[in-house]
Amino acid sequence: MNRAKRLDKIPPYLFGEISRLKAKAIAEGKDLIDLGIGDPDQPTPQPIIDKLCEAANDPETHRYDETEAGWPSFLEAVARRYKRRFNVDIDPKSEAMLLIGSKDGLAHICWAMIDPGDVSLVPDPGYTVYKVNTMMAGGEPFAMPLLEKNGFMPDLTAIPTDKAKAAKLMFLNYPNNPTGAVATLDFYADAVRFAKEYDIAIVSDTAYSDVCYDGYKAPSMLQVEGAKDVVIELDSLSKAYNMTGWRIAYAVGNAELVGHLNKMKSNVDSRQFPAVDIAAAYALDNVSNQATYDLYTKRRDILCDGLNSIGWKVKKPVASLYVWAKVPEGYTSADFAKKLLTDAGVLVIPGNGYGQYGEGYVRMSLTVGGDKDGDRLAEAVERIKASGIKF
Ligand SMILES: Cc1ncc(COP(=O)(O)O)c(C=O)c1O
């Protein structure tokens, strides 16, 4: 059967060799410490589950969500969050919409905005959804390198004028996957200025906005004056509340962009079970997941201090779920990931999987399953030390 040609635009799976070695190690009964997946290993906080049960018992939720842009009580809770957390006013009726996870919104904003030949500016390394959906919509992703020397923020002055003029979207993601970097409000202000100059819409992906450590608080791009003219921000409950499988997120910001995305999506899906929206609204208004962030902080310290004590040079992230580590001289990302897997039984993700500028790094996630108080991460460090891998 002939498939659509657009499917050919999806790049080959880059973790092929690592996946094969992982499957082999598991089949051989080896005890693998998997630092690959950025999926919270802790359960969703109980009050949110209780609220879901209550909402699920209400027959009002046993139907399609036929509202304009998502369950109103959820969108109102989103607006309250933006006021409380960022002092940003959001009109829940025109400047907010519900998403089935932020991946849904990130993919469909490409389909709503990109015509064949249009450019979208994407961070490299970066979450691959921006690039792949731009390509499937017939557009051309243009990589903005995230370099260590620039704090893993793109150098806007390095974007060629012809690409800036052809660009319709710019994707930014802070706190960042995979580098763990955070953005300043000054950078956000520069990005807003740039977007206005070239008539580009900015998609600000803040999936890790609440996963912060050491008292750090990630800003919203909408805090920048005039940002609402060009910015749509996509935020998610997945990582903030250990709710990845629930599929609940939202978009806020420029009403026109929200409208375009909503129009696109109204022809693609019929949203999720409304009880999920009610439980999510409850979470935004009432629940703190600080205990989980405290656990990540502890794991981060054990992993980073441990690796640095054996000669690595890793920086502690103040947000996100990731430690982004340089690989030693003489290795590619893939070679080094393979060596860690085979010699130490520790699985990490080679940085080139996130784009060409990720080469030379590996990503380690703090969400390791079965870890109690950092014991698995301490063991990972011990195993790497015992393997004799030199740094
Ligand atoms: C940067 C980034 N954005 C968005 C997502 C998608 O999150 P969700 O669709 O669960 O909201 C992820 C998931 O890993 C991510 O890393």
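Predicted model: local features only at pLDDT ≥ 70, side-chain atom pairs only at ≥ 80, totals over all residues.
Domain 1 is built from two stretches, 5-44 + 290-387, while domain 2 covers 46-286. Where the two domains touch, domain 1 contributes 29 residues and domain 2 contributes 32 residues. On the domain 1 side, helix 10 (290-309) and strand 9 (322-326) each supply at least two residues. Helix 10 gives the most to that side, with five residues. Sorted by class, the side of domain 1 that touches domain 2 holds 14 nonpolar, 10 polar and five charged residues.

Now let's look inside. The largest nonpolar core has 123 residues, and those touching the most other members are Val-78, Ala-96, Leu-169, Ile-202, Ala-279 and Val-346. Helix 9 (residues 274-286) provides the largest share of this core, nine residues. Both domains take part: the core draws at least three residues from each of domain 1 and domain 2.

Setting aside neighbours within four places in sequence, Val-346 is in contact with Ile-33, Leu-35, Leu-340, Leu-341, Ala-380, Arg-383 and Ile-384.

Helix 9 also has a partner worth a look. Two packed helices are described by the angle between their axes and the distance between the axes. The axes of helix 2 (residues 46-56) and helix 9 come within 8 Å and cross at roughly 145°, and the crossing is right-handed. Helix 2 brings Pro-47, Ile-48, Lys-51, Leu-52, Ala-55 and Ala-56 to this contact, and helix 9 answers with Ala-275, Val-276, Ile-278, Ala-279, Tyr-282, Ala-283 and Asn-286. The residues of this contact divide into 11 nonpolar, one polar and one charged.

Next, a glycine in a loop. Gly-180 lies between strand 5 (167-173) and helix 7 (185-198). Is Gly-180 buried or exposed? Gly-180 counts as buried, because it has 26 C-beta neighbours inside 10 Å, and 20 or more are needed. Beyond its neighbours within four places in sequence, Gly-180 is in contact with Pro-175, Pro-317, Ser-320, Tyr-322, Val-323 and Trp-324. The C-alpha atoms of Gly-180 and Gln-356 are separated by 17 Å, and these residues are 176 residues apart along the chain.

The loop between strand 5 and helix 7 also holds Pro-178, and a cis peptide bond joins Asn-177 and Pro-178, with omega about 15°. Another cis peptide bond runs from Asp-124 to Pro-125, with omega near 5°. Pro-125 sits in the loop between strand 3 (119-124) and helix 5 (129-136).

Terms used: Residues numbered from 1 in each chain as written. Core = buried A, V, L, I, M, F, W, Y, C linked by C-beta atoms within 7 Å. Buried ≥ 20, exposed ≤ 12 C-beta atoms within 10 Å, placed from the backbone. Helix = DSSP H or I, 4+ residues; strand = E, 2+ residues; numbered from the N terminus. Domains from an automatic or database assignment. Contact = placed C-beta atoms within 7 Å. Axes fitted to C-alpha atoms, helices over the stretch in contact; angles between N-to-C directions. Left-handed = near helix turned anticlockwise from the far one by under 90°. Nonpolar A, V, L, I, M, F, W, Y, C, P; charged D, E, K, R; others polar.
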